[in-house]
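Hi,

Here is the structure I said I'd pass on to you. Have a look at it first, and then read my notes below.

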Amino acid sequence: MSSDANLDVVVALRLAGWAKVDLPVDSIIALRNSIEAVGGALKTLHAAHSESDSARACSGALSVAAFAERAQLRYEPAGPNQSEPSCATKQSVSGPKKASLEEVAATGTAVLAKVAQRALADLCESQLVQARPIQTRLDAFWYPACEYDTFIPCPAHEDPGLLTVVIEDASALQILSKNGTWNSVNLGPQECVLLAGRALQHLTHGSISACMHRVCAISSSRTSLVFEALPGQDHMRMCERLKKNASAVNGSVTERAAYERAVAVLLDVDTPCSAERSCA
């Protein structure tokens, strides 16, 4: 990425809280293979469990869940001083073996991490933030096709972290502009989008605003990979709980309940499972 492109990303984040970024050329094929494989696995999971209230399981760094409105995955490898979580599974998960799916998730994480790290380096060079250790994780979502264009499968929200990098295989992401209108983000096959989070807004003292965004319903299924660069763990736990409580700003009661349920599944995934929860 050229220095002018780096500057464009910083300017776009300051002006709007989001920016389109080109993916690393040598990683596009691997990344597209990752999104296809993860999407296929989550589609299988959703088909097997869509009639139940929810299905949850985790293995090592990977956790998955399925609901009527979507299926989702989280890949969060343990750091050098962290142990992998133990997790009792109440319901089985259909699809590829965990090791294979974990490898695919790791590939997507590695590519999108480069994008986030480059953007954070640009912000440091612009003296908007100071370099500091970060946490990382990858979330993946599969949404079935929906014929109701008024339904919002992922209601309006801001992410709690520093930066979120998103790629998708079908355009459904929308961003709230400063004039209050929802604008669709149409990504090219070699593009991803950067979204500023609340932690970045805090660290830049409001120079960069957190990006309000949502996922709208579309007539085809959709898979997205969502990589997050996060500050310290304790701060993130607090932010995620606030995110759960304040979710779905403009959503209906049904949409809000669905969003809160999804956030709850992915909250505190690095703690041991309790008897009441199949994956904490």
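Start with residues 80-99, where pLDDT stays under 50. The model still has 46 contacts beyond four places in sequence for that stretch. This is a predicted model, by the way, so pLDDT is the predictor's own confidence in each residue, on a scale from 0 to 100. Residues 265-280 also stay under 50, and for them the model has 51 contacts beyond four places in sequence.

How does the protein chain score on average? The mean pLDDT is 78, and 70% of the residues score at least 70. Going element by element, strand S10 (residues 191-196) has the highest mean, 97, while helix H6 (residues 253-266) has the lowest, 55.

Now the overall picture. The protein chain has six helices and twelve strands. Of its 280 residues, 49% count as buried. The chain exposes about 13000 Å², and carbon and sulfur atoms supply 51% of that. Also, if you take the contacts between residues at least 6 apart in sequence, 79% of them join residues at least 24 apart.

Isoleucine 29 and glutamine 190 are 161 residues apart in sequence, yet their C-alpha atoms are 9.6 Å apart in space. Is isoleucine 29 buried or exposed? It counts as exposed, because its relative accessibility is 66% and the cut-off for exposed is over 50%.

Next, the salt bridges. Side chains of opposite charge can pair when their charged atoms come close. How many salt bridges does the structure hold? There are five, and I'll walk you through some of them.

Glutamate 168 and arginine 222 form one, with the closest N and O atoms 2.5 Å apart. This pair links distant parts of the chain: glutamate 168 is in strand S7 (residues 163-168) and arginine 222 is in strand S12, 54 residues apart. Both ends are buried, because the relative accessible area is 8% for glutamate 168 and 3% for arginine 222, and buried means under 20%. Their side chains are also joined by a polar contact of 2.5 Å. Leaving out residues up to four places away in sequence, glutamate 168 touches several others, including Arg32, Ile35, Leu173, Val185 and Leu187. Thr223 and Ser224 are among its contacts too.

Arginine 137 and glutamate 228 make another salt bridge, with the closest N and O atoms 3.2 Å apart. Here again the pair links distant parts of the chain, with arginine 137 in strand S5 (residues 135-143) and glutamate 228 in strand S12 (residues 222-230), 91 residues apart. Arginine 137 is buried, and glutamate 228 is as well.

Then have a look at glutamate 125, which forms a salt bridge with arginine 118, the closest N and O atoms being 3.3 Å apart. Glutamate 125 counts as exposed because its relative accessibility is 59%. Arginine 118, at 33%, counts as partly exposed. What joins Arg118, Asp122 and Glu125 into one network? Salt bridges that share partners do.

Cheers

Key: Residues numbered from 1 in each chain as written. Predicted model: local features only at pLDDT ≥ 70, side-chain atom pairs only at ≥ 80, totals over all residues. Heavy atoms only, no water. Helix = DSSP H or I, 4+ residues; strand = E, 2+ residues; numbered from the N terminus. Buried < 20%, exposed > 50% of the residue type's maximum accessible area, 1.4 Å probe, protein only. Contact = heavy atoms within 4.5 Å. Areas by Shrake-Rupley, 256 points an atom, 1.4 Å probe, with all protein chains shown as cover. Salt bridge = Lys/Arg side-chain N within 4 Å of Asp/Glu carboxyl O. Polar contact = N/O pair within 3.5 Å; in protein donor to acceptor, adjacent residues only side chain to side chain.
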